[in-house]
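I opened the model today and kept notes as I went. The entries follow in the order in which I looked things up.

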Amino acid sequence: MSFEVYNTLSRRKEVFRPIEPGTVRMYNCGPTVYSRAHIGNFRAFLFADLLRRWLEHSGYRVLQVMNITDVGHLTDELAGVGEDRIEAAARREGLNPWKIAEGYAQMFLKDLAVLGIQPAMVYPRASAHVPEMVEIIEGLIQKGHAYQVAGNVYFNVRSFPRYGQLSGNRIDETEAGARVAIREEKRDPADFALWKSDPNHLMKWATSFGPDGFPGWHIECSAMARKHLGDRIDIHTGGEDNVFPHHECEIAQTESFTGEAFSTYWMHSKFLQVDGGKMSKSLGNTYSVDDVLARGFSARALRFALLRGHYRQPLNYTFEVQKDAASALETLDDMVARLKRIEVGANDSSGAGSAGLEEVLRAREEFQTAMDDDLNVSRALPALFGLRSAVLEGRLSRAAAQQALALVKQADRVLGVLDSTDQDIGERIQARIDERELARKTRDFKRADQIRDELLADGIALEDTPKGVVWRRRS
Ligand code: AMP
Ligand code: ZN
């Protein structure tokens, strides 16, 4: 049994093997904080979270770094022209760009927590890593991979023979694309900027290249990955649009500088779409986490909707799809509640001995196999949901129910969608049940009925069984 991942670099699935046995170094391209991240962005970050959780489930220690791009990123990054998105937002909102970036960065971190995304080891800010970027740029100039024209520094793509390997783009095709907004000073239209000088830029630094410059977007990630994880890493992730130019350029810079392979595996998640097209800030068709919560969906239902499909399949988001995910989650909740009842012996019709154990073990194997196959969630989930009929038909013994619960809990350490407050809720409900029992014993039936009605109003139904009162969520 081994974990296989689809590597964009080789265009096939490969067995995952980290450089240092037992430890995984993973870098995730994070958000550019010029506006609030939308749920499309969070599909990419949830994929990274799922990957990290599965690696941990597989026994690895994961060193995870997700950057926050709080400087640079021009509207036409490839040509090295256009407007800085953060500064454009600053002008629009009448604030200084540092405030804009920090405000949206905080919002991003809050949304990550709401979605139950495990915190990375560090969320480095690009603005705090300029010396590390300058070190690489100076090294690239010395090695003949970069050149300076006035205050601008460009990477010479012809100096790196593997340029284009990740994306499959050829340099001459890239040249044609970049010619639209050609900068005469570039030796080759496909060369990309490492450093730009502009006295009018608001976020700027004095360096050996000039008094007021700022970095290109790609060098930011090369520098932050190297600073926090070292010259070589195991996994680099991003959304599909990061393949080119961003990751192609990162590879060229880092590998030209270190002389070593940068990342062994490059993994990219497909876009979240709306009405069949990309969800994107520039198209104005985005939803934030709050937009979805405001429609009455829970954060875990949103998480489930974004995680439920395989990350390499496009996902079309509608509120119908969201509703469907929410009700599937209720089904899972219901199954967990029923399993708990069998486990404590509240269900007399459950099978005896080891009945159903085989079926549970098979489900566990199916879940594991599907996840090991490039995180195939859409195949892993039916293994879990498939246990439902065994539960409903009373085919599970207490022992099997125990195993099934263990499986669901284990799966949920990876999926993170079950109600983690369940425990507290359970205790609270049990306290109300005890109160009602006491009322009944003292023949205060009015009070007992009142408690039952209050619980019912909260969606909790009580049931008298020979083994005592049990509760379940009304579907
Ligand atoms: P940005 O803030 O634009 O740099 O994007 C942050 C991350 O979100 C990148 O990894 C993008 O590839 C990813 N991303 C952007 N739009 C979408 C989308 N509609 N669906 C999935 N991922 C996206
Ligand atoms: Zn990046």
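Which of the 19 residues around ligand 1 come nearest? I found that Gly40, Asp241, Asn242, Leu272 and Met279 do; a residue counts as near if one of its heavy atoms lies within 4 Å of the molecule.

Before going on I noted the ground rules. This is a predicted model, in which local features need pLDDT of at least 70 and side-chain atom pairs count only at pLDDT 80 or more, while totals for chains, interfaces and linings use all residues. Residues are numbered from 1 along each chain as its sequence is written, chains are lettered from A and ligands numbered from 1 in the order in which they are written, and side-chain values use heavy atoms, with hydrogens and water left out.

**Ligand 1**

I looked up the shell by class and found six nonpolar, nine polar and four charged residues. Here Ala, Val, Leu, Ile, Met, Phe, Trp, Tyr, Cys and Pro count as nonpolar, Asp, Glu, Lys and Arg as charged, and the others, Gly among them, as polar. Helix H1 (39-57) and strand E12 (233-239) each give the shell at least two residues; H1 has the largest share, four residues. Helices (H or I, at least four residues) and strands (E, at least two) are DSSP runs, numbered from the N terminus.

Next I checked atom distances. A nitrogen atom of ligand 1 lies 2.7 Å from a polar backbone atom of methionine 279, and a nitrogen atom of the ligand is 3.0 Å from one of glycine 40. For threonine 32, a polar backbone atom is 2.9 Å from an oxygen atom of ligand 1.

**Zinc ion**

I found that Cys29 (SG), Cys221 (SG) and His246 (NE2) coordinate the zinc ion (ligand 2) at 2.0 to 2.2 Å. Donors are N, O and S atoms within 2.8 Å of the metal (3.2 Å for Na, K and Ca); water is not among the atoms, so sites may look incomplete. Cysteine 221 is in helix H6 (residues 217-229) and histidine 246 in helix H7 (residues 243-258), so this pair ties together parts 25 residues apart in sequence.

**Backbone**

I noted a cis peptide bond between phenylalanine 244 and proline 245, with omega about 0°. Proline 245 lies in helix H7. Alanine 150, not a glycine, has a positive phi of about 50°.

Terms used: A polar contact is a pair of N or O atoms within 3.5 Å; within protein, one must be able to donate a hydrogen and the other to accept it, and residues adjacent in sequence count only if both atoms are side-chain atoms.
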